[in-house]
Amino acid sequence: MLLTDRRADRVVLHNISWQQFENLLIDLGESRAAKIAYDNGTLEIMTPLPEHEYYKEIIGDIIKDTAEVLELDYECYGSTTWKQELKKAGVESDNCFYFQNEALVRGKLKFDLNQDPPPDLALEIDVTSKSLDRFPIYARLGVPEIWCYDAGEIKIYQLQGDEYIQAESSLVFPNLNIPEIPSLIERYRMAGRRIFRQSIREWVRGQMSKQEK
């Protein structure tokens with residue numbers, strides 16, 4: 001085991017075997033603040049900061065509220081650990097959702113990516129720049145779409161082959177202007193969460209009305 005990067009909010013370890021990774025997950029348990037990512041022997045353990053958690057929660061709420069307005073069935077699995085030993089890949093997204101494959105996982109409490117589909121949408125909040133590039137991990141796990149929030153922007157990435165390409169629109173919400181979301185967050189941030197969520201629902205309805213004209 002080799003430690004090469006240590007900061008107040010994260011540590012990166014190298015030469016970690018899959019069994020060591022599995023044992024660490026057991027030792028850390030499910031009730032923990034730290035989040036992990038594993039890429040073929042390299043392990044990052046990160047403790048989220050308040051800013052990170054704020055954007056994780058509020059963008060997650062936006063996704064849920066949008067699905068409700070559009071009457072889309074979905075499942076949300078938060079920071080579930082997604083992993084495949086064969087791919088030597090493991091990651092805990094900031095939030096993740098099933099939409100296209102919702103019916104296949106509805107109500108499931110245990111997953112095996114050797115037979116279950118990966119989440120349709122993963123959310124990554126990168127307010128402090130993660131040390132380990134998560135895209136190759138997500139690609140090997142087969143997650144079709146990632147939203148990345150960083151420096152006041154949301155960028156959409158979609159899996160094409162074995163790499164992610166930045167896209168203009170979302171596979172989940174193709175008719176919505178997703179990059180507009182950060183400006184909405186700043187506009188209503190001080191209004192309180194209840195007013196914010198009402199405003200988001202109105203925004204979604206307005207976006208859909210424009211599409212119908």
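Trainee: Which residue just after helix 1 takes a positive phi?

Mentor: That's Gly 29, with a phi of about 75 degrees. Before we go on, a word on what we have here: this is a predicted model, where local features need pLDDT of at least 70, side-chain atom pairs count only at pLDDT 80 or more, and totals for chains, interfaces and linings use all residues. Residues are numbered from 1 along each chain as its sequence is written, and side-chain values use heavy atoms, with hydrogens and water left out.

Trainee: Fine. Which residues have a positive phi although they are not glycines?

Mentor: Asn 15 is one of them, at about 60 degrees, and Glu 71 is another, at about 55 degrees. Asn 15 sits in the loop between strand 2 (10–14) and helix 1. Glu 71 belongs to the loop between helix 2 (50–69) and strand 5 (75–76).

Trainee: How do I read burial along a helix?

Mentor: Here's the general idea: an α-helix has 3.6 residues a turn, so residues three or four places apart point the same way. Now take helix 1, residues 18–28, where Trp 18, Phe 21 and Leu 25 are buried. They cover an arc of only 60 degrees around the axis, which puts them on the same side of helix 1; the arc is that of the directions from the helix axis to the C-beta atoms. On the other side, Ile 26 and Asp 27 are exposed.

Trainee: Which strands do the buried residues of helix 1 pack against?

Mentor: Strand 3 (35–39), strand 4 (42–46), strand 6 (81–84) and strand 7 (89–92). Contact means heavy atoms within 4.5 Å. Strand 4 also holds Thr 42, which is buried because its relative accessible area is 15%.

Trainee: What does Thr 42 touch?

Mentor: Not counting residues up to four places away in sequence, Thr 42 touches Val 12, Leu 13, His 14, Ala 37 and Leu 132.

Trainee: Where is Cys 96, and what is its relative accessible area?

Mentor: Cys 96 is in strand 8 (residues 95–98), and it's buried, with a relative accessible area of 1%. Leaving aside neighbours within four places in sequence, its contacts include Trp 82, Pro 119, Leu 121 and Ala 122. Tyr 77 is also in contact with Cys 96; their C-alpha atoms are 5.6 Å apart, at a sequence separation of 19 residues. Glu 71 and Cys 96 are 25 residues apart in sequence, and 18 Å apart C-alpha to C-alpha.

Trainee: Can we do a loop residue again? Is Val 143 buried or exposed?

Mentor: Val 143 counts as buried, at 3% relative accessibility. Its loop runs between helix 4 (135–141) and strand 10 (145–150). Beyond neighbours within four places in sequence, Val 143 is in contact with Pro 118, Pro 119, Ala 122, Tyr 138, Leu 159 and Tyr 164.

Trainee: And for the whole chain, what is the radius of gyration?

Mentor: The radius is taken over C-alpha atoms, and the globule rule is 2.2 Å times the number of residues to the power 0.38. For 213 residues a compact globule would come out near 17 Å, and this chain has 18 Å, which agrees. Along its principal axes the C-alpha trace spans about 60 × 35 × 30 Å.

Trainee: What share of contacts join residues at least 24 apart?

Mentor: Among contacts between residues at least 6 apart in sequence, 60% do.

Terms used: Buried means under 20% relative accessible area, exposed over 50%, partly exposed in between (1.4 Å probe, protein chains only). Helices (H or I, at least four residues) and strands (E, at least two) are DSSP runs, numbered from the N terminus.
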